[in-house]
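Colleague: I would like to go through the terms used for this model and hear what each one rests on. Please set the value beside the cut-off each time.

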Amino acid sequence: MTLLELKNLKKYFATQKAVDDISLKVEQGQIFGLLGPNGAGKTTLIRMITGIFYPDEGQIIFDGKKFDPIKDVEYIGYMPEERGLYKKMKIGEQTMYLAQLKGLKKADALAKIKQWFIKFEMEGWWNKKVEDLSKGMSQKLQFVTTVLHNPKLIILDEPFSGLDPVNSNLIKDEIYNLAKNGATIIFSTHRMEQVEEICDHIALVNKGSIILDGTVAKVKQDFKENLFSIGADQMPAVNGETPFDIVGTKAEKNIVRIKEGRSSNDVLQYLLQNGAQINSFNEILPSLNDIFIKLVEGTPAARQFQKV
Amino acid sequence: MNKIWLIIKREYLTRVRKKTFIISTLLFPLLYLGLIFGMGFIAEKSKQNLKVAVIDKSGYFTDENIAYQNSIDDNSTLKLVKDSAESVIADYKAQGYDGYIVIPPINWKEGYDSLFFNSNKSYGSAVKAPIEAKLNRIWSGIKNDSLRIDTEKQTILTKTLTVTAKNLEDEKANANTAEGIGYVAGFLIYFILLIYGSQVMMGVMEEKTNRSAEVIVSSVKPFQMMLGKILGIGLVALTQFLLWIAFVLIVYNVGKATGGDMASSIVGGIQNMFTSVNVPLVLFCFGFYFLAGFFFYSALYGAIGSAANEDMREAQSLAFPVTMLVIISIALMTAAIKDPTGPIAVWASIIPFSSPIVMMARIPYGVPGTVPWWQLGLSMAFLILGFMFTVWFAGKIYRIGILMYGKKPSWKEMIKWAFRKN
């Protein structure tokens with residue numbers, strides 16, 4: 001089931017086509033990675049999905065209906081990249097306030113907050129102020145305030161920045177949990193290793209348009225370069241007959257590229273016939289990082305101003 | 001609506017519970033009284049007592065008439081010098097004088113308008129005027145003697161005619177009390193507009209800077225957020241004001257019960273106010289102009305807070321035109337109090353930006369005696385329209401400004417935001 005569908009969304013600012021004709025589908029229960037370099041238009045896109053901005057053109061379909069920026073915000077949890085909490089306010093009151101703004105009744109809010117505070121070992125924080133928290137602690141608090149009202153759609157902008165590995169894992173497990181219980185998660189980041197680990201599906205945005213959209217596995221297949229790593233003793237010499245070229249070595253293994261029209265079986269056969277002792281044979285798939293750099297490369301590091 | 005209520009509650013409670021609110025509520029009346037009494041005290045203490053040599057070449061001045069003036073007026077002491085004039089001029093310091101005045105051989109029938117108080121320092125009118133007054137009293141005595149005007153005739157000559165403005169439609173009106181109340185009410189509104197207006201500005205800036213605005217606008221509309229903040233802070237100001245009224249009433253009742261010297265003068269003042277001024281009307285109008293004026297200005301301050309970045313100086317430079325309007329209002333108020341029915345007073349109390357301060361200064365003079373009902377009604381209607389406009393205008397700017405980081409917009413750009421579609 002599709003939870004969120006964007007159809008030809010456009011948002012132009014005075015000097016930028018921030019979002020220029022983006023269409024996307026996010027399925028329910030998916031962990032969706034929204035990637036892109038700085039200034040690609042991710043934040044503008046997210047702000048339209050959270051009802052902060054209205055699109056100039058295009059449609060947002062949320063849960064089968066046209067998105068209503070006033071009512072539907074109760075089903076959305078948004079954690080912006082820049083953490084925003086009132087420094088002077090007590091943590092308990094602040095969490096209560098944000099939960100009530102999302103439409104929770106006081107008693108429900110209190111019960112939910114207690115539950116989450118126990119889960120994240122934050123029970124002792126109730127009367128502390130936000131300014132007393134470390135960066136990582138306030139990050140955890142922000143995460144709790146984002147998911148407290150059981151949103152159908154959770155949008156997380158760089159949720160791990162500033163967290164130590166232990167707390168990172170805590171949040172990561174919680175993200176899996178939420179997805180398993182039916183929540184849909186849009187995860188915006190530049191950290192590719194996290195995307196590879198967590199996301200099912202990714203979309204890469206650059207200069208306000210989608211340049212790549214698919215499952216992580218499919219994207220990797222699409223960008224593979226027929227590279228294999230071979231660990232073998234008595235590696236035969238390479239000549240015109242060999243079905244592969246050696247492109248390098250890494251950790252005493254040869255990195256080879258299979259020639260056009262040949263298969264991995266050809267390679268193995270050739271090696272065996274020539275008396276090689278094979279210890280390992282692995283396909284090398286490109287990392288998302290490589291794909292990202294390859295696709296975005298050549299784009300100026302800073303987005304230029306443009307005429308709209 | 002429910003969400004605005006939540007925002008109002010947060011804004012109100014976080015402010016009222018702060019120690020600074022309690023302290024400022026208690027300290028402001030004390031500081032106000034301290035300022036009034038302190039000024040008099042400082043003026044009394046800083047009086048300079050100089051010793052002035054009067055070198056008389058006219059022969060009219062005598063030791064007796066100078067000694068008499070010194071005895072009735074303890075400002076700078078005069079000392080007549082007749083023979084040793086040259087040595088005093090040459091070295092007045094060594095002889096213990098702070099300065100000297102040379103009176104040339106003049107005739108009692110003609111005055112003389114170029115006497116000099118010679119000394120080695122620059123003295124202002126606070127020092128010069130008492131010396132001048134003393135010399136003139138002696139001079140009057142000399143003229144009276146020469147013209148043979150006795151004490152009885154002198155008394156007759158000092159009698160003058162006094163005119164007091166009296167309003168036939170409002171016999172009780174007392175211009176002095178009205179002026180006092182007008183000043184206090186006008187200045188209170190002035191302080192409230194500036195202090196609480198800038199609180200709105202700082203509050204909005206805080207939300208923008210610590211990025212909580214982005215979290216909040218994903219739950220409520222920016223307009224609700226701004227309105228909640230203005231109403232919440234308005235309630236804080238109202239609370240503080242009600243506490244002050246309670247403070248005055250307590251002083252009044254305690255003063256009446258104990259009947260001390262100082263207390264009775266305060267009680268008398270308040271009683272005088274109750275008899276000569278329509279207190280319920282003044283209080284009602286004060287409440288109205290205070291709230292409506294606050295909405296009018298705080299919406300503008302809120303818009304400025306949303307447009308500025310972390311930098312306080314940016315906010316101040318954007319806020320300058322708005323603060324100027326408040327200050328101009330105070331200048332118009334002083335003119336209006338001197339002439340509460342003149343054209344400046346009438347117009348300034350009807351035009352929205354200055355009406356909260358100027359109208360409040362006029363109302364104690366009497367409605368409808370000084371301020372006809374139509375003027376009051378028109379002024380209130382315009383102020384309501386005025387704050388509806390500024391709130392609408394500010395809402396437009398706020399919606400864009402609160403999520404905009406980077407360059408500070410100019411007023412021209414902000415006005416463009418307000419009139420942009422979508």
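**Terms and their grounds**

Modeller: Helices (H or I, at least four residues) and strands (E, at least two) are DSSP runs, numbered from the N terminus. This is a predicted model, in which local features need pLDDT of at least 70, side-chain atom pairs count only at pLDDT 80 or more, and totals for chains, interfaces and linings use all residues. Residues are numbered from 1 along each chain as its sequence is written, while chains are lettered from A and ligands numbered from 1 in the order in which they are written.

Colleague: Why is A:Glu121 called exposed?

Modeller: A residue is buried if 20 or more other C-beta atoms lie within 10 Å of its own, exposed if 12 or fewer, and partly exposed in between, with C-beta atoms placed from the backbone. A:Glu121 has 10 other C-beta atoms within 10 Å, so it is exposed. Its phi is near 55 degrees, a positive value in a residue other than glycine.

Colleague: Which residues of H4(A) are buried, and what covers them?

Modeller: A:Gln139, A:Lys140, A:Leu141, A:Phe143, A:Val144, A:Thr145, A:Thr146 and A:Val147 are buried. Their cover includes helices H2 (91–101), H3 (106–119) and H5 (165–180) of chain A, along with strands S6 (76–79) and S7 (153–157). Across chain A, 36% of the 308 residues count as buried.

Colleague: What makes S2 and S5 of chain A edge strands?

Modeller: Two strands pair if DSSP finds at least two bridges between them. The open sheet has 4 strands in the order S2-S1-S4-S5 (chain A), with antiparallel pairing. Strand S2 (17–27) and strand S5 (65–66) each have a single partner strand, so one side of each has no neighbour in the sheet.

Colleague: How many bridges join S1 to S2 in chain A?

Modeller: Strand S1 (residues 2–12) and S2(A) run antiparallel and are joined by 8 bridges. A:Tyr12 stands opposite A:Lys17 in S2(A).

Colleague: What makes a group of residues a nonpolar core?

Modeller: A nonpolar core is a set of buried Ala, Val, Leu, Ile, Met, Phe, Trp, Tyr and Cys residues joined through C-beta atoms within 7 Å. The largest such core has 141 residues, and A:Ile155, B:Ile304 and B:Met360 have the most contacts inside it. Helix H11 (residues 279–307) of chain B gives the largest share, 17 residues. A second, separate core has 13 residues, including B:Val54, B:Val81, B:Val127 and B:Ile131.

Colleague: Which residues is B:Met360 in contact with, leaving aside neighbours within four places in sequence?

Modeller: Two residues are in contact if their C-beta atoms, placed from the backbone, lie within 7 Å. For B:Met360, these partners are B:Ala185, B:Gly186, B:Ile189, B:Cys285, B:Phe286 and B:Tyr289.

Colleague: How many residues of chain B are in contact with chain A, and which element gives the most?

Modeller: 17 residues of chain B are in contact with 19 residues of chain A. On the chain B side, helix H1 (2–16) and helix H8 (212–217) are the elements that give two or more residues. H8(B) gives the most, with 6 residues.
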